[in-house]
Amino acid sequence: MTTEDVAWAPRWLLPAAVVVVIAPLVAAVLAQRNAAWHPVFDLAMTEMRVRDVGGPGTPLIGLQGRIGPTGSHPGPLSFYLLAPVYRLLGSSSFALQAATGAFHGAALVTALAVVARRRDGRLVVAVAILLLLLVQGYGLGALTEPWNPHLPVLWFMAFLVAAWAVVDGDLPMLLPAVLAASLCAQTHVPYLAVTLGIGVAVAAAAGVRARTSPANGRAAGWRWLVGAAGVGVVLWVPPLIDEVSEDPGNLSQIVDELGSPSDEPIGLRTAARLVVERFDAWQLVVVETAHPGTFIRILDGPGPSLARGQASVVLWLASVGAALGLRHRRLLALHAVVAIASVVAVLAISRIYGVPWTYLMLWAFGIGALMLLSVAATAAVVLGRIAPAAGDLVRGRNLTLGGLGALALLCARLLVVAPDATTETPEQTGRLARLVPPTVAALEDEVGAASDDGGRYLLTWADAAYGGSEGIGMVNELIRRGYDVGVEERARVLFGPHHVRPPAEATARIVVASGGWADRWANEPGAVQVALDDTRTDTERAEYEHVRRAATDRLRELGREDLVDRVDTDLFGLALNEGLSTDVTRLLGRLLDIGLPVAVFVAPPEAAL
């Protein structure tokens with residue numbers, strides 16, 4: 001950079017920015033310490049995997065995903081990184097929330113540490129502001145729960161910042177780039193294509209710079225490239241072990257699924273629209289300040305606008321032209337990363353098949369944030385060049401201190417809402433919280449033997465509406481409390497083979513059942529109900545029966561007698577049936593809104609419906 005662009009960057013700036021940026025996360029985690037959080041479904045499976053780290057069942061792959069019949073997300077790196085804090089704080093559910101907060105905090109610190117190497121205080125403050133804007137957009141509640149689509153969102157931003165540093169000539173930043181990219185790609189498969197695409201382009205840029213550098217710089221450049229490649233190989237050793245030890249390996253299943261998807265991909269036109277919407281700078285800065293968390297909770301406030309996203313892209317294209325005219329190396333490197341990431345984003349999203357759920361594209365907001373940074377940085381440089389008087393405001397101490405003021409205000413805004421950070425699954429976690437105490441009491445005092453008496457349990461679930469959410473959560477809750485609990489063969493991919501238990505090896509079966517399944521288990525010989533959660537009022541129960549009769553009568557009128565039983569045993573799956581008429585779907589939706597009772601039974605191990 002030229003001397004006129006050199007900015008004020010005191011040593012205390014980076015630590016101050018780190019403190020301000022992580023403060024809302026710390027506050028949100030502390031607000032959960034007395035919440036008695038009970039993780040369900042994917043969250044419970046994540047705690048199981050984190051607990052398994054270091055033992056004979058150490059995970060080699062990620063959670064199960066929409067990847068063929070038995071495929072999972074690529075790797076276990078997030079489990080490994082969550083485990084130390086989880087164990088240090090006592091291996092409780094709160095410890096998992098704290099570990100999640102620390103996980104996201106590490107991403108924030110990494111991004112700031114990388115940009116601090118640019119030795120420009122304005123950039124440190126600008127990136128800190130963008131990081132807090134992203135935290136605000138994703139929502140503090142989502143950032144204290146370890147759901148795998150949410151875990152990489154801030155690490156992806158760290159990856160983008162590191163990619164920019166590499167393109168700008170800082171080749172040692174290949175190491176954090178590889179770490180962040182591997183963490184994102186292993187945790188949630190939608191990141192695989194986008195990090196790989198951007199990573200290849202960045203590695204190519206690093207190779208060109210190494211090849212064209214003077215002799216000393218060339219040797220150092222190649223060492224960083226080789227070192228980064230070695231780090232990447234080490235990080236991917238667990239999935240590679242799975243690939244050679246299992247038939248088929250998980251990576252092979254991912255390649256097969258992505259190469260030959262079961263449905264038609266959404267295509268480039270739809271992908272371009274979805275990406276441009278997520279480049280909406282007004283949404284990032286203004287709307288999310290008024291409605292925090294709507295990147296994820298899309299129904300809680302106004303979402304991004306295609307028109308505003310298009311306006312953001314137009315502004316970015318204008319700033320690219322200005323940077324080209326200025327021949328400003330650092331700005332051009334930043335714009336190059338934005339351009340590469342945007343193209344890769346469209347290509348990656350175009351391969352989504354089925355419903356393009358919002359959680360599959362959360363990372364695109366990070367590219368939009370980097371785009372906003374490139375526009376603001378270009379505007380500051382242009383202003384400093386064409387208007388010397390105004391340029392004093394955008395150079396050095398003035399702009400950095402002004403930015404720190406804005407950063408402090410944004411932090412204060414998030415600290416105000418941090419105590420209200422709540423789970424993203426309040427109804428399901430609440431049900432599980434009410435079911436666990438009586439179940440534990442029954443195992444200890446009334447029905448079977450506790451683990452210290454040799455009880456070996458097989459836990460199964462029969463769920464009409466919640467996808468097995470509470471049953472999966474119950475497995476985790478009981479194991480955390482020291483009970484010897486296994487699952488059926490059908491749950492092998494969910495929990496890992498070391499948690500599978502044949503009925504013949506169990507002393508009792510625990511069943512978590514909802515809806516019609518609860519009624520059936522209540523009549524099963526030898527089954528004893530030990531817990532029940534039904535928060536419906538008498539009015540709601542009466543309405544449920546009325547709507548249920550209307551739905552079953554309508555199905556019979558439509559000649560779908562084959563679906564009638566599923567109203568009681570597979571309500572959620574039936575409601576998603578695209579072949580049903582709108583009136584039936586609305587009736588089924590109302591049943592889901594009212595809710596179903598959930599019960600826990602202890603039965604003989606051989607009992608089965």
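Which residue is the bridge partner of A531 in strand 5? The partner is V600.

This is a predicted model, in which local features need pLDDT of at least 70 and side-chain atom pairs count only at pLDDT 80 or more, while totals for chains, interfaces and linings use all residues. Residues are numbered from 1 along each chain as its sequence is written, and side-chain values use heavy atoms, with hydrogens and water left out.

**The sheet**

Strands (E, at least two residues) and helices (H or I, at least four residues) are DSSP runs, numbered from the N terminus. Two strands pair if DSSP finds at least two bridges between them. Five strands form an open sheet in the order 2-1-3-5-4, and the pairing is mixed. Strand 2 and strand 4 are the edge strands, each pairing on one side only. Strand 4 and strand 5 run antiparallel and are joined by five bridges.

| Element | Residues |
|---|---|
| strand 1 | 456-462 |
| strand 2 | 484-486 |
| strand 3 | 508-514 |
| strand 4 | 528-533 |
| strand 5 | 598-603 |

Helix 20 (residues 469-480) lies across strands 1, 2, 3 and 5.

**The cores**

A nonpolar core is a set of buried Ala, Val, Leu, Ile, Met, Phe, Trp, Tyr and Cys residues joined through side-chain atoms within 4.5 Å; buried means under 20% relative accessible area (1.4 Å probe, protein chains only). The largest nonpolar core has 171 residues, of which Y138, F156, W363, W461, F495 and L588 touch the most other members. Helix 6 (residues 153-167) gives this core its largest share, 15 residues. Another core, of 10 residues, lies apart from it and includes A462 and A513.

Conventions. Buried means under 20% relative accessible area, exposed over 50%, partly exposed in between (1.4 Å probe, protein chains only). Contact means heavy atoms within 4.5 Å. Axes are lines fitted to C-alpha atoms, for helices over the stretch in contact, and angles run from 0 to 180 degrees between N-to-C directions.
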